[in-house]
Amino acid sequence: MLRLLVRKLLRMAASLLGVTLIVFLLMRAIPGNPWANYATTPRFTLGVASDTGFQRELVRRYGLDLPAWRQFTRYVFGDVDDNGVLFCGAVCGNLGPSIQRRGPSVQQILFEAPEDRTVLESRFGYTLRMVLFGALFAIGLGVPLGALSATRPRSALSRVISVGLAGLVSVPNFILGLIAILVLGVWLRVTTVVPDWGKPGNWIAPVIVLAAVPMASIARVTHAALVNILSEDYVRTARAKGLSRDKVMMRHVFRPALAPIITFLGPLSMEMLAGSLIVEGLYGFPGFGRSFFTAVLELDYPMILGLTVVYASGILIINLLVEVACELIDPRLRAGRPQRAQQ
Amino acid sequence: MSLFPWRRAARSGRVWFGLAVILVLFLVAALTPWISPHDPYASSFTQSRLPPAWVQGGPEPGMAEFPLGTDRAGRDILSRLIHGTRTAVVLALTAVSLAALIGALMGLVAGYMGGAADTWLTFLFDTLQSLPGIMFMVMIVLIFRDGLAPTWVNGVLTLVVGFAAVGWVSLARLVRVSTQQIKVRPFVEAAVSLGGSPWHILSRHLLPNVSHVIVVWVINTIPAVILLEALLGYVGIGVTRAVDGDEFGIVSWGGLIFSGRSSLSFNPLMVIGPSVGILLMTMSFVLLADSLGEGQRQGVEI
């Protein structure tokens with residue numbers, strides 16, 4: 001068991017390195033450089049170097065004149081700086097200096113909270129809390145809804161739920177967000193333009209907008225998992241030998257249904273992280289959801305790589321936890337057997 | 001193809017609704033040049049920001065020539081909506097087919113070969129899925145965008161490549177698992193002992209047996225592509241190019257919403273139109289996938 005866990009951790013680290021390499025190669029293939037691209041420079045001055053000596057100094061300072069492989073190892077493992085001192089790279093948690101936010105390093109931008117506040121008030125903390133609340137909402141509402149429609153077939157309620165869910169998964173969250181702003185902000189006037197994020201009430205609208213589509217997805221997954229198990233022969237046997245409905249549900253249905261539902265937590269968190277881009281943009285939320293996209297547009301190389309490391313480690317850790325949880329629930333998975341296909 | 005519950009599907013109202021909507025949208029996409037009243041790119045600053053034709057009371061009465069009004073560059077919204085439909089349909093069909101091709105091949109190889117190939121391919125799947133796909137897509141779109149001329153074909157091509165590069169992984173995983181389950185069955189063993197080449201076994205014995213997984217995935221993924229395109233368009237890096245807050249280049253639903261956001265107060269149709277299009281198209285495919293894939297079978301009473 002321990003050996004298996006160590007192997008999984010090693011694979012995780014390898015995946016992290018792999019995705020960093022892929023993102024590194026992709027971002028270097030984007031035309032332009034941090035000081036001349038269409039997001040940072042007016043279009044008509046594109047390609048017109050303002051001061052070549054100055055720019056060369058900037059390029060040298062951020063190590064962009066090194067060969068590509070050395071830039072990569074410099075970022076990941078570390079290198080010698082101008083004074084001949086060895087510094088450690090991303091493996092030590094040093095995510096590098098941000099090029100566009102001259103001054104602070106990437107880890108400061110992401111994890112440092114304002115004076116005398118906890119890490120919960122940092123950009124990372126805000127997004128983490130938002131995604132966490134969203135996940136709680138999605139699971140807390142989605143699982144019961146899915147269970148309700150699976151166990152009450154051919155009822156009006158189940159029909160309404162299933163069509164409603166099919167509709168909800170089809171709405172992009174930016175449209176939901178626009179509707180929410182229109183209704184809450186413009187018509188009812190309950191939200192303000194620049195909300196105070198210290199008040200829990202202001203979190204409701206963004207969290208629901210972020211979690212609505214994942215909620216529908218998880219309800220559909222729950223429904224499918226339960227229907228699969230409810231039509232198994234052993235459920236009928238359990239019922240036939242006289243076990244009460246509730247007992248069958250608890251013992252024989254929900255337990256095996258847990259594995260596919262938990263497995264879905266991986267894609268769920270992915271969906272929420274991608275959704276935080278839109279929702280945070282719509283509500284002016286002080287998280288880091290938009291940072292990746294602005295960083296890509298501005299070609300802030302260390303920022304892109306730093307966010308890649310943060311996102312990928314988060315998702316890989318969630319997937320690892322999901323895998324371990326599934327193995328704890330279902331002993332058949334422990335032997336390294338293939339998992340059942342999930343939609 | 002007996003794996004599909006055709007009969008039950010044919011009796012379901014949802015399936016017919018989905019098929020009807022898809023048929024209409026495909027017709028709109030196919031007939032775009034003939035039914036679109038104006039050139040979607042033709043701008044005219046004398047006729048900008050016109051309200052819809054039925055709004056007559058305002059300072060600027062709507063014109064029958066522009067049924068849904070014009071945007072701030074004076075381009076006909078109805079035409080842009082129709083051309084956006086074509087973009088969405090073409091994009092969905094090509095991007096998903098390409099991704100399905102790569103995904104099915106990778107999944108079959110990983111599932112059938114096993115051993116080191118399987119280990120490495122699974123590692124690749126894990127690696128590619130450790131970031132939300134849209135992040136890779138943004139970078140791929142940016143790489144191609146500056147080099148290519150801003151024509152409709154190039155824009156669609158960029159998105160197709162971007163989506164196919166990340167979209168295939170989820171199918172590959174599904175196909176891999178199904179292949180593993182099928183390759184231990186006696187008929188595959190028989191084919192191997194008769195001396196069938198790996199290619200023969202993959203294409204003749206395994207592919208037909210995982211085809212239902214692929215079809216269901218394709219129908220499930222088409223809405224995802226449409227939503228992704230809309231999302232990219234909304235952020236301003238999709239098929240459209242964002243320059244100074246306005247877009248030029250290729251019309252798409254997401255781009256329409258992107259540019260219509262700022263004119264929400266004077267002509268909300270620029271946002272409502274594409275939103276309804278996205279909702280209808282996605283929902284039809286979701287309903288269709290439900291009925292074919294048995295993912296959303298009716299519940300069971302115990």
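Me: Where's A:L299 in this thing?
Reply: A:L299 sits in the loop between helix 12 (291–298) and helix 13 (301–329) of chain A. Helices here are DSSP runs of H or I with at least four residues, strands are E runs of at least two, and both are numbered from the N terminus. This is a predicted model, where local features need pLDDT of at least 70, side-chain atom pairs count only at pLDDT 80 or more, and totals for chains, interfaces and linings use all residues. Residues are numbered from 1 along each chain as its sequence is written, chains are lettered from A and ligands numbered from 1 in the order in which they are written, and side-chain values use heavy atoms, with hydrogens and water left out.

Me: Ok, and what's its phi, for A:L299?
Reply: A:L299 has a positive phi of about 55°, although it isn't a glycine.

Me: Is A:L299 buried or exposed?
Reply: A:L299 counts as buried because its relative accessibility is 1%. Buried means under 20% relative accessible area, exposed means over 50%, and partly exposed is in between (1.4 Å probe, protein chains only).

Me: Switching topic: how many disulfides over all chains?
Reply: A search of the whole structure finds one. A:C88 and A:C92 form it, with their sulfur atoms 1.7 Å apart; a disulfide here is a pair of cysteine sulfur atoms within 2.5 Å.

Me: Why is the disulfide of A:C88 and A:C92 called right-handed?
Reply: Because the torsion about the S-S bond of A:C88 and A:C92 is about 60°.

Me: How exposed are those two, A:C88 and A:C92?
Reply: A:C88 is partly exposed, at 27% relative accessible area, while A:C92 is exposed, at 53%. Another cysteine, A:C326, counts as buried at 2% relative accessibility.

Me: Which residues form a nonpolar patch on the surface?
Reply: A:L2, A:L5, A:V6, A:L9 and A:L10 do, with about 480 Å² of accessible area together. Patch residues have over 30% relative accessible area and no salt bridge, with nonpolar side chains (Val, Leu, Ile, Met, Phe, Trp, Tyr) joined within 5 Å and like charges within 9 Å. A salt bridge is a side-chain nitrogen of Lys or Arg within 4 Å of a carboxyl oxygen of Asp or Glu. Accessible areas come from the Shrake-Rupley method with a 1.4 Å probe, and for residues only the protein chains shown count as cover.

Me: Where's A:L9?
Reply: A:L9 is in helix 1 (residues 2–29) of chain A, and it counts as partly exposed at 43% relative accessibility.

Me: And chain A overall, how many helices and strands?
Reply: Chain A has 13 helices and two strands. Buried residues make up 48% of its 343 residues.
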